[in-house]
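Open your viewer and get ready to click. This tour moves from one selection to the next.

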Amino acid sequence: MRGFAHVIGVTVLAVFAQWASANDEFFDSLPQVEIAPDVIMIEGRQESFNSRNYGAIANSVLIDSDRGVLVIDTGSNRLFGEWLKRLAVQHFNRPIVGVINTHGHPDHWFGNSAFEGVPKLATRDMIEYSRGAGSDLLDTLYSAVGDAMVGTELSLPDLTLGASLSWGRYEFEVVVTSSHSDGDAALFDSKHGLLIAGDLVFNGRAPTTPHADLRSWIQILAALEARSPKVVVPGHGPVDRTTGSILETGDYLQWLEGYLRDAAKDATDPALLIASGVPDEWKHLAVIESEFGKSVVHLYPDYEAEFARQVTGR
């Protein structure tokens with residue numbers, strides 16, 4: 001039995017090594033944007049999860065300092081996390097010594113399994129959500145992404161973010177909310193105007209909303225825009241050196257919230273909402289049709305229930 005287990009272990013390692021080599025070429029093709037000499041962003045594909053993109057659909061950030069490199073969001077799998085480790089050494093000549101996960105959606109923290117022994121930080125609510133939902137999310141990604149998930153295991157953050165974070169020359173305010181998901185965190189450095197927004201901001205891509213509170217999200221976006229950032233690093237999409245991505249995300253969410261609210265008042269069938277699609281002004285957003293359909297499925301029942309309570313007084 002022990003010999004059989006050894007064979008299985010060797011086989012898994014061999015498959016992982018094969019995929020690591022093949023994936024490096026793909027990961028190397030992702031845009032690496034230098035925001036400053038000590039900050040780079042790796043831009044994920046503006047797509048949904050699939051085996052062709054190896055799950056690399058979210059942005060990650062590397063920030064250098066004298067004590068090593070901090071990575072913010074580690075991607076969807078161990079393969080990507082291992083690639084980030086190599087990239088940090090290649091680009092900054094230092095290892096990754098700290099991890100922050102901005103929220104609990106798997107494209108932002110499943111790469112944690114590559115960082116054994118490295119401190120990992122997130123909000124308390126993110127950690128609690130991920131502890132409960134992690135196994136189901138892992139099964140979902142194994143199904144959607146396939147072999148690139150080999151070797152990926154759950155590796156929860158083990159430390160809780162405070163109200164501020166000091167790293168290198170940056171003094172970040174940690175903005176905590178539960179708007180896009182349970183326990184979102186954004187990092188803002190007022191001196192340099194750098195906002196690392198996680199999935200509170202999308203740029204050129206339809207926002208994902210499976211755990212969203214749209215009204216709260218709209219409010220926190222207004223608060224982030226009021227900070228007047230000079231550089232916005234969204235959770236998905238290109239770096240934004242204006243606040244246009246914040247405004248676009250907020251405008252879309254305002255439209256979606258009003259559309260679902262009005263549809264509930266009119267008792268519109270959700271299948272009809274999905275079939276009707278979105279107005280032309282939003283069709284430029286990547287994966288808009290699929291994300292809009294998911295938003296109706298996830299959020300519309302709550303709007304129907306809210307309107308029913310208003311009518312019945314219960």
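Start with a word you will need: buried means under 20% relative accessible area, exposed means over 50%, and partly exposed lies in between (1.4 Å probe, protein chains only). This is a predicted model, where local features need pLDDT of at least 70, side-chain atom pairs count only at pLDDT 80 or more, and totals for chains, interfaces and linings use all residues. Residues are numbered from 1 along each chain as its sequence is written, and side-chain values use heavy atoms, leaving out hydrogens and water.

**Stop 1: Glu82 and Arg78**

Select Glu82. Its relative accessibility is 17%, so Glu82 counts as buried. A salt bridge is a side-chain nitrogen of Lys or Arg within 4 Å of a carboxyl oxygen of Asp or Glu. Both residues lie in helix H2, four residues apart, about one turn of the helix. Helices (H or I, at least four residues) and strands (E, at least two) are DSSP runs, numbered from the N terminus.

**Stop 2: Asp24 and Arg86**

Stay in helix H2 (residues 78-92) and pick Arg86. Which side chain does Arg86 meet in a salt bridge? Select Asp24: the N to O distance is 2.6 Å. Asp24 sits in helix H1 (residues 2-28), so this pair ties together parts that are 62 residues apart in sequence. Arg86 is partly exposed, with a relative accessible area of 32%.

**Stop 3: Lys283 and Asp280**

Jump to Lys283. Its salt bridge partner is Asp280, with the closest N and O atoms 3.2 Å apart. Lys283 is partly exposed at 47%, while Asp280 is exposed at 62%. Next, select Arg215, Glu257, Arg261 and Glu306: salt bridges that share partners join them into one network. The count comes to 14 salt bridges.

**Stop 4: Asp184**

Finish in strand S10 (residues 184-189), at Asp184. Asp184 is buried yet has no salt bridge. How far away is the nearest side chain of opposite charge? That is Arg205, 13 Å away. Lys and Arg count as positive, Asp and Glu as negative; His and the chain ends are not counted.

What does the side chain of Asp184 reach at 2.9 Å? Show the backbone nitrogen of His180. Then show Ser181, whose side chain joins that of Asp184 in a polar contact of 2.6 Å. A polar contact is a pair of N or O atoms within 3.5 Å; within protein, one must be able to donate a hydrogen and the other to accept it, and residues adjacent in sequence count only if both atoms are side-chain atoms.
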